[in-house]
Amino acid sequence: MKTVLITGASSGIGAGLANSFAADGYHVIACGRDPSRLETLQQLSPNISVRLFDMTGRDASRQALADCHPDMVILCAGTCEYLDHGVVDADLIERVMRTNFLGPVNCLAALQTQLKPGSHVVLVSSMAHWLPFPRAEAYGASKAALSWFADSLRLDWEPKGIAVSVVSPGFVDTPLTRKNDFAMPAQVSVGQAVTAIRRGLAKGKKHIAFPGAFGLLLRLLSSLPAFMQRALLRRMVRP
Ligand SMILES: NC(=O)c1ccc[n+]([C@@H]2O[C@H](COP(=O)([O-])OP(=O)(O)OC[C@H]3O[C@@H](n4cnc5c(N)ncnc54)[C@H](OP(=O)(O)O)[C@@H]3O)[C@@H](O)[C@H]2O)c1
């Protein structure tokens, strides 16, 4: 039985992935902080076991992730907070960077000696860093750092036989986005996100971005000259 370890399995995309892999006969190591939601998830399948820890803690991550020996690691846990009125809130930025960037780093530091040729590491980033959106200084920077880290790590780990993939969703309907008070174009359901991610992983893709049309639009906008990009993005700044 193959083992897939998923962080952020207590909610949203991670919970969807956990259910999907468990239904396909994988042993799922479901990670998160919320004991009651993870217990509910575990009750859905005998294939699911649970590890409770806060991945912003390096020691906590190392202790919780001992002896997992996963075939696949999906680092999905994350958070999103936006700056208001351009006020640089150092506490907020630290929280977001510690969760979205250093959290996955802590997990990989703990797991690296357990991975073997044929293992697959998947980092869930975001399309949010493809353009410098207003208010997304913290979230965009954290996901840009994560994607950069993944693309660099792939070069070092591929020769060891370890694949590294990056997942870049657009908007997905989860508790994370339900608190947003702005329009979220081309939003997809968790089910659609899981299908897109699993299809991409099955094809061995290094970069999985969905929904495709929205991603294409952002890529086109990001290739515009800087002055045109700025003119468009400035229209999104709140008064
Ligand atoms: N939803 C979207 O539109 C969207 C778009 C692009 C990228 N993403 C990325 O997709 C990933 C999943 O997002 P989601 O929408 O499914 O969010 P979600 O429903 O809010 O789930 C977030 C998950 O992350 C876990 N988590 C957060 N901080 C943690 C910490 N310090 N230690 C351990 N676990 C922690 C939570 O665990 P507990 O609840 O147990 O604390 C929860 O399981 C995130 O990385 C997010 O940035 C989402």
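Modeller: Gladly! This is a predicted model, in which local features need pLDDT of at least 70 and side-chain atom pairs count only at pLDDT 80 or more, while totals for chains, interfaces and linings use all residues. Residues are numbered from 1 along each chain as its sequence is written, and side-chain values use heavy atoms, with hydrogens and water left out.

Colleague: What is the mean pLDDT of the protein chain?

Modeller: pLDDT is the predictor's confidence in each residue, from 0 to 100. Here 100% of the residues reach 70 or more. The mean for the protein chain is 97.

Colleague: Which element has the lowest mean pLDDT?

Modeller: Helices (H or I, at least four residues) and strands (E, at least two) are DSSP runs, numbered from the N terminus. Strand E4 (residues 72-75) has the highest mean, 99. The lowest, 95, belongs to helix H9 (residues 226-234).

Colleague: How many aromatic pairs are there in the whole structure?

Modeller: Rings of Phe, Tyr and Trp (its six-membered ring) pair if their centres lie within 6.5 Å; planes under 30 degrees apart count as stacked, over 60 as edge-to-face and the rest as tilted. With that rule, a search of the whole structure gives a count of five.

Colleague: Why is the pair of Phe 21 and Tyr 26 called edge-to-face?

Modeller: The ring centres of Phe 21 and Tyr 26 are 4.9 Å apart. The label is edge-to-face because their planes stand at 90°.

Colleague: Is Phe 21 buried or exposed?

Modeller: Buried means under 20% relative accessible area, exposed over 50%, and partly exposed in between (1.4 Å probe, protein chains only). Tyr 26, at 23%, is partly exposed. Phe 21 has a value of 2%, so Phe 21 is buried.

Colleague: Which residue has its charged end over the ring of Phe 21?

Modeller: A charge sits over a ring if NZ of Lys or CZ of Arg is within 6 Å of the ring centre and within 35 degrees of the ring normal. For Phe 21 the charged end is 3.9 Å from the ring centre, and it belongs to Arg 198.

Colleague: Which residues come nearest to the ligand?

Modeller: A residue is near a molecule or strand if one of its heavy atoms lies within 4 Å of it. Of the 31 residues around the ligand, the nearest are Ser 10, Ser 11, Arg 33, Val 172 and Thr 174.

Colleague: What is the distance from a ligand oxygen to an N or O atom in the side chain of Ser 11?

Modeller: A polar contact is a pair of N or O atoms within 3.5 Å; within protein, one must be able to donate a hydrogen and the other to accept it, and residues adjacent in sequence count only if both atoms are side-chain atoms. For the side chain of Ser 10, the distance to a ligand oxygen is 2.7 Å. For the side chain of Ser 11 it is 2.6 Å.

Colleague: Where is the cis peptide bond?

Modeller: Pro 211 is in the loop between strand E7 (207-210) and helix H8 (212-222). With omega about -5°, the cis bond joins Phe 210 and Pro 211.
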